[in-house]
Amino acid sequence: ANMKAWWALLVAVGCLLVCPSLASGATTVTSDHRSVLINGTRRLLVGGSIHYPRSTPSMWPGIMAKAKAGGLDFVEVYAFWNAHEPTPGVYDFTGRLDILAFLRAAQDAGLFVNMRIGPYVCAEWFYGGMPVWLRHTPGMVFRTDDK
């Protein structure tokens, strides 16, 4: 139950921080049968993936500025569960794992964020982003086709 609450909080905070205008309520993002609409206007969004633990917080503003200058509208980012909860109930959101600071850097650059909360991370990341301690959880099965 605590993990579900943590992820819900992370998503809620992330949604509030994805873009300066979204945080103020000035932007509406919807979709129709054809495309994404931002403030009622169809948009083809261009994005790129950035993995916050692979850089330092001091690098994030520059990375975001370059992404924006390069024409990106959004950054795609995974939440790396195994990095944030290395042992059950012990959380780390400091330094390279300060996901809120990362989201603020995107916000400051005027970028939207596509937050991929997982749990699986398809980014050549150890154990697919799932904590190794899950292996010792009774009944836990990884990467199955449910047969």
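The model is a predicted one.

**Exercise 1.** Determine the strand order of the open sheet formed by three strands, and state which strands lie at its edges.

*Solution.* Step 1: the order is β4-β5-β6, with parallel pairing.

**Exercise 2.** Describe how β4 is joined to β5, and identify the bridge partner of G47.

*Solution.* Step 1: β5 spans residues 74-78 and runs parallel to β4, with three bridges joining the two. Step 2: within β5, G47 has F74 as its bridge partner. Step 3: a helix also packs on the sheet, namely α5 (residues 99-108), which touches β5 and β6. The direction of α5 makes about 150° with that of β6.

**Exercise 3.** Characterise the packing of α3 against α5 by angle, distance and handedness, then classify the contact residues.

*Solution.* Step 1: two packed helices are described by the angle between their axes and the distance between those axes. For α3 (residues 60-69) and α5, the angle is about 35° and the axes are 9 Å apart. Step 2: the crossing of α3 past α5 is right-handed. Step 3: α3 contributes W60, P61 and M64 to the contact, while α5 contributes A101, F102, A105 and A106. Step 4: the residues of this contact comprise seven nonpolar, no polar and no charged.

Technical notes. Residues are numbered from 1 along each chain as its sequence is written. This is a predicted model: local features need pLDDT of at least 70, side-chain atom pairs count only at pLDDT 80 or more; totals for chains, interfaces and linings use all residues. Side-chain values use heavy atoms; hydrogens and water are left out. Two strands pair if DSSP finds at least two bridges between them. Helices (H or I, at least four residues) and strands (E, at least two) are DSSP runs, numbered from the N terminus. Contact means heavy atoms within 4.5 Å. Axes are lines fitted to C-alpha atoms, for helices over the stretch in contact, and angles run from 0 to 180 degrees between N-to-C directions. A crossing is left-handed if the near helix is turned anticlockwise from the far one by less than a right angle, and right-handed if clockwise. Ala, Val, Leu, Ile, Met, Phe, Trp, Tyr, Cys and Pro count as nonpolar, Asp, Glu, Lys and Arg as charged, and the others, Gly among them, as polar.
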